[in-house]
Each structure stands twice: as structure tokens, then as C-alpha cells.
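User: I am new to reading protein models, and I would like to learn how to look at a feature and describe it carefully. Could we go through this one together?

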2 protein chains.
Amino acid sequence: MPVNLVPPARESLLPVGGVEIGTARAAIRKQGRRDVLVMRLAEGSTVAGVFTTNRFRAAPVRVCQEHLGASGGAIRALLVNTGCANAGTGEQGLANARRSCELLGQALGCEAGRVLPFSTGVILEHLPMDRLAAGISAAVADVGRGDWLDAAEAIMTTDTIPKGESAQLKTGGRTVTVTGISKGAGMIRPNMATMLGYMATDAAIAQPLLERWVREIADLSFNRVTVDGDTSTNDSLVVAATGASGASVSSESDPGAAELKAALLAVAQKLAQALVRDGEGATKFITIEVRQAASDAEAAAVGYAIAHSPLVKTAFFASDPNLGRILAAIGYSGVADLDVDRIELYLDDVHVATRGGRHPDYREEDGQRVMKQAEIRIRVDLARGSHDTTVWTCDLSHDYVSINADYRS
Amino acid sequence: MPVNLVPPARESLLPVGGVEIGTARAAIRKQGRRDVLVMRLAEGSTVAGVFTTNRFRAAPVRVCQEHLGASGGAIRALLVNTGCANAGTGEQGLANARRSCELLGQALGCEAGRVLPFSTGVILEHLPMDRLAAGISAAVADVGRGDWLDAAEAIMTTDTIPKGESAQLKTGGRTVTVTGISKGAGMIRPNMATMLGYMATDAAIAQPLLERWVREIADLSFNRVTVDGDTSTNDSLVVAATGASGASVSSESDPGAAELKAALLAVAQKLAQALVRDGEGATKFITIEVRQAASDAEAAAVGYAIAHSPLVKTAFFASDPNLGRILAAIGYSGVADLDVDRIELYLDDVHVATRGGRHPDYREEDGQRVMKQAEIRIRVDLARGSHDTTVWTCDLSHDYVSINADYRS
């Protein structure tokens, strides 16, 4: 059961001018479910992405990076399949990824190098190219008929509900729309990107600016969530800017640029948090604020140490205020000269630990009260500097074990 | 249910001359169980230890380090309590740890500075000093009557069975005994030491040599096991050398030194592996061999990435040969210039992946056969250098979640 997350209403996911969507049920792994997505982008769209840092990055990730580089971001279509990650598949995997771009390029009348391919699902297995080819044909026939909710459904794996978010803003008298979708729900510890996230806006955004923004936005959204600490082989976040609205930005100082970037970040954070709310087996949504760190990296290290601790996560699952486990995680987070005697720890409004030890006024009942909530905020003050960050995670439940013990069956 | 591990027979844990043991039931946290251990060491014993690198190291760990440093290893007694870790307890925690040394020193007629205190259990709570004092008195009254199995029982927390190991060797016509005990069973990712491990030999070992050996032995035993990746606040491994056998070594080149070190390492590895075999919820014992790494640190990083992946661990629990998860973990292990196209992966005798992709002869049934075993060996060849290491871990089961969700109740 996702934590305070419901499927988006179809009408809440606003169409983005210049983006046409088609999906198909191609039985890549399972019968009867949407598992192929084609997204056609208007001529002139700019596209930028960030991808997994896993050295075993999947064949489609390598091809995406090649095509983005060679085209300078002038991408005309995205192709996504679920059910098979096409990772750990060597030369044949690369050939299959390239072949899928050719098939889609032929169907849409664009070069294969203008297609970005994405795959998600089981690792170490080859794409079923016959079924994928049929799925591409069917999805192309559907292009223009599908909507963002169809797209969100087509990229799901163990997600229990589709994830999408929209925002709109006025700039220079024009209405600009931002819509995005994402999927989780395990092997989630994005490192430069997330499992799969797609966002589009009908503003025009100059390629260099878009590339910088995608990195910055990923760092404050998808790169700040974790379910299980496992960085996937297929993480990808892509943002497309079609320009169909007539609004256009090419530098940070352009009118409306700050508002547009904020809208993109807001959508990205909602999508990233949705991965956690629907994390495998999640019953709690946990926000970890680390304050007063000496650097951003240090703040993130402390946040992730807490977020990845199986002991912290099981305590949250049990609503057990066994909060010493949080201190232990801070202690092994790798901050070599950490002075634990200056650390303050809060659970929502409850002051749990002061100067590294139990707060004299802390009462178990107060901790218990907060731990029972579905949404919990941990705050750690390190008293070392001025860098703050926030990491979002979920608890570790029996269902996480069940889901991952049964994933392929 | 521990994996191929049974409680040691009482007579299999050989007494070590110069070591006298006493235990007590002091109700530190729970009624009726042994929870205080006193180990008296003969005058002239040398003692060395390695301790957690967690910055939130517990008060007793700090006191141990002080006393070892100030006494030059001339320790006369060890004091251990379970039920309360005395961690995250600030100044009062330090005062309590020091006070416990005074109490034991008075009872045994030695200086407080010759006592090493150890605590394990719940973090963020203070020691119940009244009950501990009574426990110390009772354990001192028992000194000389207890044996190593009593000691192993007295240090258990969530362990399901006591852990101990002995070895004997002949050197220079003298029989030398090595006996050790350890406890787990969660928050196990020792980093320079383990949760609690105590070893003793009746050989005499010169202090500088003993200190070096303890570090080297810890690195190849306790520092190579993990249950959940959580480095405890209280990890401690201590080795005492009493000299009661008449055998004596003071340098690596002394007659019998190599054999003695090998015996100490063998006992330490058995004790460390026992932590994993009895790891919280463990149903499988997994040996991860990483070969041909460019450095020891790199080999360990790859081994631990596999060992800590919740996805790998749940796949082992399910006996599901979802082996792409192992490749993904290798890929995010932090080896920046890793060439995945040179990686070979084996599961026992089954060649799963070659040159980074699925081996053409690999059949799912073969993987399945190995995954169903209670003991599984993963071998990764990195083709980067000549450094090898081995990491031992267990799977992640429903029982791990249950145990840690219910730990304090």
C-alpha cells in the first residue's frame, strides 16, 4: 500500500504541446499489460538526460548516451519497454537496443540516432525482439491517442500505482505546462538519475541550459531518494522541451526562467517522492533533514546512512522508537572527524538527543506517538557548517522481502 | 535457525590456563538469563583489542581504549554486560562505565584501570547501575567456576545459540590452547572489529606482536563478515595471551609463531562466520570470493556491495537465481574505472556470466540448483590485478524484519 499516494486523475496530467504518446501491450514478460511506450517529440525539441553511474549500465543506457551526444539533444522519440532490462547482455544487448531504435525510426520517419531507447525489468536476459517489434508497431499506431496516464502505466514494474505530476505557469503572457512520469519501486538508490523518469515542457529551453538544469534538478529530487540502496543498471531521467507553447528560455536570467526551473524541480521532487511512497513494501514515508553539515556531500552521506540502515528501517516499520539506531547510523556514515557530542536529533517536534546523548526531557511516549504516523520527519543537526540537504526514504517491511523474493515468479 | 551451526559442546571449548570465568544473572534487561560476564586474567597477561570505527562509539569502548593505552595492555579483567549498550549516553554513560570498572577492580583486588568494560544491547539507555553492581558481585563469586560456554551464553543478545571455538597446537614441546567466543547477530558490519569477540591463549605473546596480530586477524575474520551493513557502536574484539602454557613468542620469526598466528586466525574466522550463520533471520550462508582486484580495498568494496544488497540477499532467501542483481551490485560498488566487459561470475561451479554478460552455456536450472543449497559460494573475477578477498554474509529473510521490528518488545 503506497503511503499517501493515489493514482493521478487522468485529467490532472496535463498534455504537453509537442509531445504525442502511444502505448502497446506486447507481452514482453507478462500478458495483457501495457509494456511498450512511444513518445514522439516535435521537431526542434531539446532533450537532456542523466543516467545511472552503475558501471554495469544497461545497453539502452549506453545507446541513449551515444544518441544524445551525437545529436546534440535533437531527439525525436523515446522508446520504453518494461519486463526486460537488457542489462548484462553484452554485444547482443547493444545490437538489440540499436535495432529497436531503427524499428521505431523507420515507423516514425526519423533517423535511428534521434531515438532514445529505455528498458526496465529483469537483468541478464535478452529482449524478445519479435514481440518488441510488434509492440513498437502497435504503439506507433496508437501515437497521438495515448495520454500521460497511459504512459505512466506503460513504464510500471513492481509499482503498485502509476506516477505522474503536472504544473503550469504563466510566463510572458504564455501558459507553459510541465508534466512528468516516473516508476520505481525497488533497486532504488538513484545515483545521478532514477530508475525511469520522463518529463516534458512545452517551453523551449536552449540545450546547454537544459543539460545543466537536468543535472541540478536530478540532484535535488531523484538523487535524494532511496528505497533499498541498490543503484539500478538502468536509471534514466530525461527532460524534453518542445517549445510548442511559444515560451522560450536560453539562460538563467531570462524572464520566466527561474519560475520554469522551479516548476520543473517541483514536478521532479513529486515524482521522486512518489517512488518512495510506492517503494516496495513501504508503510511509512520518511523525510530525513540533515543540517549544518560541512559540505553537501557530507550532508548526503549522513542522510543516506540513516536511510539505508536496515535497523532504522525495520524500527520505523514496527513504529518502535529505537532511536539509538539512528545515532549509530550517523556514527558510521563516514564523516571521519565527526564530533558526536555536538549532535542534536529530532523526530518531528520531539527533541530526542542533545549533544550526542538522550535528551533529559525525551519521553518514550513522545517518540512512540511520532513513530506511529505514516509520515515522519527526522532532523539531524551536525553543528559543523552551513550545508543542508534532505533525503526521502521508506521503511523496510515484510512486504519488501516478499516482493523481492517473488519478483520473477 | 542458524545455518549449519550448532551450540558448541561444553567440553569442546578448552579451558585456557590463566583465564578464570564467572557469570551472573543480573536482570539487566530481562529476567533469568546470564547477562554479566567477568573474565579474570593472570598477572603478566598481554591484551590487545580492536574497536568499532563508529563515531558514536559507546562509553565502554572509549574506556577500553583508555585503559588499554594507559596500561600498555597489562589488563587483569574483562567485564561484559548484555541488555544495555551504554551508547548515546553522554557523560553519565562514561561515568557509569568507569564506575563499573571500579566495582570490579575492588572485588578482584586490582586497579580500575586494569579492567576493560564492554556493553551490548539497546542504545540510548543508561546502565541500571544497582543491578549491574549486584551482577558484578555475583559474577565475581562465580569466578573460577564458570567455563567458556557459560561465557558465550552470557554475552548473547539476539543470538539463537552461543558461539565458541577452540584450537590446540604443540610448540617447543608445549601444548598451547586458543579459545574464543563471539556474539552477533544484527547490526553486524564490523569495521575494525566485531560486535563482541573474546579470544585467549595460554601462550605468552609480546604486546607489540599481539597488537599487530589482532589487527591483521580482525581484517581477515570479523572485518570480512556482514549481516546487515550496520556498524555497531560497541564492536570489540579482544585477544588475551596469558603465558600459562610456558610457550612464548615475541616476534613473527620465533619458533611456533606462524603456527600460533594461524591457530588464532582459524578460531577468529570460525567465530566470525558463526555470527553470519546465526545472523538475524539467516537461512543461507554465503561466501563471496572476489579475485583479481587492483587492491584489497577494491576487492572488499565489491564483496561488500554484493553482501549488502537487499536485492541480492532477498534473491538468496527465495533461492531465486536472479543473478543480474549481483552484477548490478558490482556495478555500483564504487570502482570508478571498472571494465564490466572483463568480469566473470560463478555460483559454486556454475559459470553464470562471462565478459560481463550472460554465459552462453548458463542454464537457469543450474543456477537454481545452487541457490537451493544452504551454503553458497559466489566468485567474481575482476581481471584487474592480483588482490583477492573473501566476505561472508547471509540472506535477508522475513525473520530479519520480524526480529528487528520486535527487538525491544
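**Reading a model feature by feature**

Analyst: Let us begin with one residue, B:T89, whose place is in the loop between β4 (77–84) and α2 (90–108) of chain B; here helices (H or I, at least four residues) and strands (E, at least two) are DSSP runs, numbered from the N terminus. Keep in mind that this is a predicted model, in which local features need pLDDT of at least 70 and side-chain atom pairs count only at pLDDT 80 or more, while totals for chains, interfaces and linings use all residues. Residues are numbered from 1 along each chain as its sequence is written, chains are lettered from A and ligands numbered from 1 in the order in which they are written, and side-chain values use heavy atoms, with hydrogens and water left out.

User: Is B:T89 buried or exposed?

Analyst: Buried means under 20% relative accessible area, exposed over 50%, and partly exposed in between, with a 1.4 Å probe and protein chains only. B:T89 has 7% relative accessibility, and therefore counts as buried.

User: What does B:T89 touch?

Analyst: Contact means heavy atoms within 4.5 Å. Leaving aside neighbours within four places in sequence, B:T89 is in contact with A:G357, B:A59, B:L124, B:E125 and B:H126. A polar contact is a pair of N or O atoms within 3.5 Å; within protein, one must be able to donate a hydrogen and the other to accept it, and residues adjacent in sequence count only if both atoms are side-chain atoms. The side chain of B:T89 makes such a polar contact, at 2.7 Å, with the side chain of B:N86.

User: What is the phi of B:N86?

Analyst: Most residues other than glycine have a negative phi. B:N86 is not a glycine, yet has a positive phi of about 50°; this residue is found in the loop between β4 and α2 of chain B, and is buried, with a relative accessible area of 0%. In chain A, A:R355 also is not a glycine and has a positive phi, of about 45°, but A:R355 lies in the loop between β15 (350–354) and β16 (357–358) of chain A and counts as exposed, at 61% relative accessibility.

User: How should I read strands that lie side by side?

Analyst: Strands of a sheet pair through backbone hydrogen bonds, either parallel or antiparallel. Strand β2 (residues 36–41) of chain B runs antiparallel to β4(B), and five bridges join them, with B:V80 in β4(B) as the bridge partner of B:L37. Eight of the eight residues of β4(B) are buried.

User: What is the strand order in the open sheet of seven strands?

Analyst: In chain B the order is β10-β18-β13-β17-β14-β15-β16, with mixed pairing. At the edges stand β10 (225–226) and β16 (357–358) of chain B, each with a single partner strand, so one side of each is left without a neighbour in the sheet. Within chain B, strand β13 (residues 285–293) and strand β17 (residues 375–381) pair in the parallel sense over seven bridges, and B:F285 has B:E375 in β17(B) as its bridge partner.

User: How far apart are the end C-alpha atoms of helix α5 (residues 207–219) of chain A?

Analyst: The expected span of a helix is 1.5 Å times one less than its number of residues. The 13 residues of α5(A) should span 18 Å, and its end C-alpha atoms are 19 Å apart, which agrees. The buried residues of α5(A) are A:Q207, A:L209, A:L210, A:W213, A:V214, A:I217 and A:A218. They cover an arc of only 155° around the axis, which puts them on the same side of α5(A); the arc is that of the directions from the helix axis to the C-beta atoms.

User: What covers the buried residues of α5(A)?

Analyst: Their cover includes β3 (46–51), β9 (204–205), β11 (236–241), β12 (248–249) and α6 (257–277) of chain A.

User: Which domains does chain A have?

Analyst: Domain bounds come from an automatic or database domain assignment. For chain A, this assignment gives domain 1 (10–277) and domain 2 (285–405). The contact between them takes 15 residues from domain 1 of chain A and 15 residues from domain 2 of chain A, and the C-alpha centres of these two domains lie 32 Å apart.

Note on methods: Pairing = 2+ DSSP bridges.
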